[in-house]
Amino acid sequence: MNKKFAAALSGGAVLVLVLSGCGDDGEEKVNDWAKKVCDQAKPQIQKRADAQQAIISTAADGKPADIQAADSKAFADIAAADKALAKAVRDAGVPPVDDGEKLQNDAVKELDATAAEYLKLKKQIDGLNPEDQQKFADGLQEVADGLKKIERMDQAALAKLQSGELGTAMAKQPGCQRADASNSAEGASAS
């Protein structure tokens, strides 16, 4: 009978070890999920940073046609990056956190929606006439107002993913860290 009791105790000890390891296993699963997303996100984050830099640098002293071309390309690049980020979140699977499925679905939906809005801005900027400076300036102001609205939507979509356990795990991943506009020849030609 002592052998049965000892076996039960050792079985219980194994169970305790397994259960106590669950916290680490859960954290590891969250980190694995974050790595999947962030590995795919890195080039998209860089693309967005380069596009935003192109908008800023061209707006400072660009001619209307240059501003139009730079903004059009930048909006297309940001839309493509948001679509790719949505795909990365979708492909990584449901995050292993409370309400993970809802969090994933909401983030994908919002990233897809902002991508569509950036494409609308691209169409809007493409429709402006850079030869008529006054109308171009007025149209550009409307585009800028739309851009502010979209940037808030974009930040809200990413903020949900970057909160709580997921945010902590994602912040540790090099691929999800904030990108500065590249100084490469490719980045320079894009601006």
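Mentor: From the N terminus on, the elements of the protein chain run α-α-α-α-α-α. Keep in mind that this is a predicted model.

Trainee: How many helices and how many strands does the protein chain have?
Mentor: Six helices and zero strands.

Trainee: How do you know that the span of α2 agrees with a helix?
Mentor: Count 1.5 Å a residue. The 28 residues of α2 should then span 40 Å. The C-alpha atoms at its ends are 40 Å apart, so the two values agree.

Trainee: What does the same check give for α3, residues 100-126?
Mentor: With 27 residues, α3 should span 39 Å. Its end C-alpha atoms are 39 Å apart, so that agrees too.

Trainee: Why is Asp 82 called buried?
Mentor: The cut-off for buried is under 20% relative accessible area. Asp 82 has 0% relative accessibility, so Asp 82 counts as buried. Asp 82 lies in helix α2, residues 64-91.

Trainee: Which residues is Asp 82 in contact with, leaving aside neighbours within four places in sequence?
Mentor: Arg 48, Leu 111, Thr 114, Ala 115, Tyr 118 and Asp 154. Among the buried residues of α3 are Leu 111, Thr 114, Ala 115 and Tyr 118.

Trainee: What makes Lys 123 exposed?
Mentor: Exposed means over 50%. Lys 123 has 68% relative accessibility, so Lys 123 counts as exposed. Lys 123 is found in helix α3. Its C-alpha atom is 9.2 Å from that of Phe 75, which is 48 residues apart from Lys 123 along the chain.

Trainee: And why is Ala 116 called partly exposed?
Mentor: Partly exposed sits between the two cut-offs, 20% and 50%. Ala 116 has a relative accessible area of 37%, so Ala 116 is partly exposed. Ala 116 lies in helix α3 as well.

Trainee: What share of the protein chain is buried?
Mentor: Buried residues make up 34% of the 191 residues.

Trainee: Where does Met 170 lie, and is Met 170 buried or exposed?
Mentor: Met 170 lies in helix α5. Its relative accessible area is 5%, so Met 170 is buried.

Trainee: Which residues does Met 170 touch, not counting those up to four places away in sequence?
Mentor: Trp 33, Ala 34, Val 37, Cys 38, Leu 161 and Cys 176. Lys 36 is 134 residues apart from Met 170 in sequence, yet 9.8 Å apart in space, C-alpha to C-alpha.

Trainee: What makes a group of residues a nonpolar core?
Mentor: The members are buried nonpolar residues, joined through side-chain atoms within 4.5 Å. The largest nonpolar core has 20 residues. Trp 33, Val 37, Val 89, Leu 161, Leu 166 and Met 170 touch the most other members. α1, α2, α3 and α5 each supply at least two residues of this core. α1 gives the most, with six residues. A second, separate core of 16 residues includes Ala 51, Ala 115, Leu 147 and Ile 150.

Trainee: Which residues is Val 37 in contact with, beyond its neighbours within four places in sequence?
Mentor: Ala 88, Val 89, Ala 92 and Met 170.

Trainee: How do you know where empty space is left?
Mentor: A probe the size of a water molecule is rolled over the atoms. The largest pocket has a volume of about 630 Å³. Of its 24 lining residues, the closest to its centre are Ile 45, Arg 48, Gln 52, Leu 158 and Arg 178. α1, α2 and α4 each give two or more residues to the lining. The largest share, eight residues, comes from α1.

Trainee: How does the lining of the largest pocket divide by residue kind?
Mentor: Into 14 nonpolar, five polar and five charged residues.

Technical notes. Residues are numbered from 1 along each chain as its sequence is written. This is a predicted model: local features need pLDDT of at least 70, side-chain atom pairs count only at pLDDT 80 or more; totals for chains, interfaces and linings use all residues. Side-chain values use heavy atoms; hydrogens and water are left out. Helices (H or I, at least four residues) and strands (E, at least two) are DSSP runs, numbered from the N terminus. The expected span of a helix is 1.5 Å times one less than its number of residues. Buried means under 20% relative accessible area, exposed over 50%, partly exposed in between (1.4 Å probe, protein chains only). Contact means heavy atoms within 4.5 Å. On a 1 Å grid over the protein atoms alone, a cavity is a set of points where a 1.4 Å probe fits but cannot get out, and a pocket is an open set with protein on both sides within 12 Å along at least five of seven lines; lining residues have an atom within 4 Å of a point. Grid points are joined across faces, edges and corners, and a volume is the space filled by probe spheres set on the points. Ala, Val, Leu, Ile, Met, Phe, Trp, Tyr, Cys and Pro count as nonpolar, Asp, Glu, Lys and Arg as charged, and the others, Gly among them, as polar.
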